[in-house]
Amino acid sequence: MVDFNFNRTVADTKAFSKTVIREHGLTEDEYGRIKKILGRHPSLAELGMYSVLWSEHCSYKHSKPLLKLFPTTGKAVLQGPGENAGIVDIGGGLALSFKIESHNHPSAVEPYQGAATGVGGIIRDVFTMGARPVALLDSLRFGGIGPGNPRMNYLFSGVVGGIAGYGNCIGIPTVAGEIYFADSYGTNILVNAMCVGVVQSGDETVDELYGPIVRGRAAGRGNKVLYVGADTGRDGIHGATFASVEISKATEEKRSSVQVGDPFKEKVLLEACLELIKTGSVIGMQDMGAAGLTSSTSEMASRSNSGIDLYLDKVPQREKNMTPYEMLLSESQERMVVIVEKGKEQLAYAIFARWGLHAVEIGEIVEGDKLRCFFHGEVVAEVPARSLADDAPVYECAEAEPYYLAEVQQVKIETLPDLPKAEVEAMLFRLLTAPNLASKRCVYEQYDHMVQTNTVVAPGVADAAVLRLKGSAKKIALTTDCNARYAYLDPYTGGAAAVAEAARNLACVGARPVGATDCLNFANPEKPENFWSMRRVCQGIADACRAFETAIISGNVSMYNESVAGPIYPTPVIGLVGVIEPDTPRVTAQFQDGDWLFQIGRTRNALGGTEYLKLRHDLEVGLPPRIDLTQEKKLQEFLIDGIEQGILRSAHDLSEGGLLVALAESAILSNRGAAVQLMSGQLRLDALLFAETQARAVVSVTSAALADFQKLVAKHGVDAQSIGKVQGQDFTLTVDGEQIVNLTVDNLADKYYNALPKLLGRK
């Protein structure tokens with residue numbers, strides 16, 4: 001490692017060596033661009049500032065051309081991409097602010113703190129918009145766990161513990177999420193965290209719990225720049241740069257790039273910031289997340305076309321002899337930059353003091369467009385703020401179809417032997433106990449999902465979480481979704497399917513989507529095969545969002561999830577938020593006694609990319625299920641309408657594992673049996689039971705509601721097939737008049753709930 005002279009000033013700076021430039025994650029061309037912007041060589045502090053703000057994690061320099069594909073506006077959108085989090089209006093004077101972000105690389109080297117600080121960072125992104133956080137979600141990916149995989153078991157336990165530790169301590173419920181396992185994540189785990197908050201949409205006060213919207217602005221000459229929250233340390237320096245390179249043995253040793261979180265400090269910071277916002281004295285606010293003080297100040301100044309003078313020797317420090325370089329790049333947690341109206345500083349000091357927090361003046365808004373940093377009277381950095389925040393180079397990457405696609409897509413799955421009837425029970429057990437399909441109860445039981453007492457539908461009983469909103473008769477539904485295997489086999493379909501499944505999950509609890517956020521987890525974009533896949537994934541997402549009239553209002557791109565062992569699957573995680581109208585009945589995936597069962601949507605002979613194909617034949621090949629966005633929209637409207645009218649008593653979408661797995665899950669969740677009767681027609685038996693054909697759901701209806709159900713089916717033009725009845729404690733399946741499954745619900749539940757604990761040696 002180069003021995004940097006951290007106190008080098010502008011006046012005495014000479015050209016940096018190629019080694020120093022590379023160690024800062026910059027190319028020689030990018031260094032030349034910096035020299036052209038400044039008209040000179042940068043100081044070391046300036047070099048560090050550009051290195052973090054021009055990293056992929058902060059600048060999206062390889063992904064910006066793809067993000068332009070997304071719809072980002074709509075009648076409900078109050079704030080789209082470009083701020084700390086997006087905001088959508090849900091009526092009645094309230095709005096929702098939400099975002100999802102990755103903390104992949106830090107979690108791969110320090111799983112507990114990596115996951116915990118990922119949660120802390122996304123919470124700050126939401127409350128800095130003025131919104132009170134009401135829910136957390138996650139989306140996690142790991143390699144194989146179990147005996148013989150101690151490293152992955154450690155990462156899995158650490159990540160789950162970090163999410164639980166931070167969320168539980170700060171008092172925000174973790175209400176939904178997803179966990180998948182695949183070999184492609186063996187050296188690159190993914191940890192994506194999402195937060196949803198509530199804010200006033202206008203000037204009227206709906207509930208004293210919520211305040212007005214605030215944005216990350218640094219406007220008003222003479223207004224003061226306040227530093228609030230925890231002291232600055234040396235943890236997390238170059239965290240943004242670290243998140244923008246491939247994982248290697250060297251990067252795994254960079255534990256100093258991983259921040260350390262304090263959820264109790266963040267709790268008081270949250271409350272103090274929201275209290276200050278309600279006074280009307282806040283001009284702008286932003287958290288010191290990736291790239292720390294550099295990103296927060298430069299982004300706020302750039303949005304406002306203003307300049308900022310910073311006095312780094314005033315920054316509260318928890319370690320001795322910190323240099324300007326370290327203070328500007330530190331990613332210590334639980335810190336905020338607040339711009340207050342001139343003359344209102346004492347009000348801010350009093351509020352933060354009451355909460356036991358620092359509120360220190362470290363700068364002011366000035367004329368011009370420069371971010372100028374002083375240290376003991378000397379200028380150590382002076383750069384145009386916009387050049388840091390918005391003028392990073394944007395690259396159009398080369399594209400080439402991945403070499404493997406033709407091979408995996410052309411496998412003739414129909415030539416594989418069908419599943420014998422005698423093996424159906426065993427196959428059902430294998431699927432229900434497979435890590436991707438088995439119950440995640442041992443995970444979500446570690447999360448406090450009832451804190452704040454807003455959770456109406458808790459984890460594990462429905463396809464989406466449901467929360468009530470204090471001050472409103474409406475409820476909201478939340479989910480995160482992505483089938484990365486689909487995206488690997490057909491990137492366009494994988495992108496569209498992530499949005500479609502998320503929308504189906506919301507529809508199954510009666511919610512209409514109002515906005516989406518994405519976390520696009522990809523490998524090295526500079527490799528043409530990877531970028532080809534990325535473009536098609538993004539086009540699939542864009543087309544599906546337009547079909548469902550849902551804008552992408554925020555998000556995050558995580559690149560370079562790759563190692564010498566290979567790239568991860570393209571993993572475009574979608575976080576979707578929906579609104580449930582007042583008086584809509586509570587509906588879950590749980591059966592109720594005596595109800596009739598129906599499959600909505602047609603099953604096709606399509607087994608490509610299914611969990612069944614992977615488990616039975618150890619194949620991840622074929623074309624994944626085709627997406628018909630028109631049929632998806634019809635299904636969603638059918639489900640929402642049926643739930644709002646009280647016709648549907650349960651609803652569960654058909655996705656991973658197919659029809660038989662979905663039926664078994666509903667039986668287990670409700671502790672009620674079912675007698676299922678199917679006709680195979682032109683379908684293979686394995687496709688009939690385990691195909692993952694899209695635009696399908698299983699619903700249940702009372703005898704008294706059958707006539708209304710038939711009218712509902714006709715109204716929406718969906719296909720509905722009667723497939724059985726809820727009864728007793730036995731789960732039976734008859735195909736073409738022959739009974740081939742006869743199991744007790746208790747037996748199914750035992751396998752389903754205990755599979756993951758047994759795999760981890762906990763039971």
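1. A residue counts as exposed when its relative accessible area is over 50%. In this predicted model, N305 has a relative accessibility of 67% and is therefore exposed. The residue is found in the loop that joins α12 (292–304) to β9 (307–311). Its backbone deserves attention: although N305 is not a glycine, its phi is positive, at about 55 degrees. Most residues other than glycine have a negative phi.

2. T453 also calls for comment. This residue, again not a glycine, has a positive phi near 55 degrees. T453 sits in the loop between α18 (441–444) and β14 (455–457). With a relative accessibility of 54%, T453 counts as exposed.

3. Helix α8 covers residues 150–170. Just after the helix, G171 adopts a positive phi of about 85 degrees.

4. Helix α20 (residues 491–507) packs against helix α23 (residues 629–644) at an angle of about 15 degrees, and the axes lie 9 Å apart. Because an angle under 35 degrees counts as roughly parallel, α20 is roughly parallel to α23. Their crossing is left-handed.

5. The contact between these two helices involves A500, A503, R504 and A507 from α20, which meet E632, L635, Q636, L639, I640 and I643 from α23. By class, the residues of this contact comprise 7 nonpolar, 1 polar and 2 charged.

Terms used:
Residues numbered from 1 in each chain as written. Predicted model: local features only at pLDDT ≥ 70, side-chain atom pairs only at ≥ 80, totals over all residues. Heavy atoms only, no water. Helix = DSSP H or I, 4+ residues; strand = E, 2+ residues; numbered from the N terminus. Expected span 1.5 Å × (residues − 1). Axes fitted to C-alpha atoms, helices over the stretch in contact; angles between N-to-C directions. Parallel < 35°, antiparallel > 145°, perpendicular 65-115°, else oblique. Left-handed = near helix turned anticlockwise from the far one by under 90°. Contact = heavy atoms within 4.5 Å. Nonpolar A, V, L, I, M, F, W, Y, C, P; charged D, E, K, R; others polar. Buried < 20%, exposed > 50% of the residue type's maximum accessible area, 1.4 Å probe, protein only.
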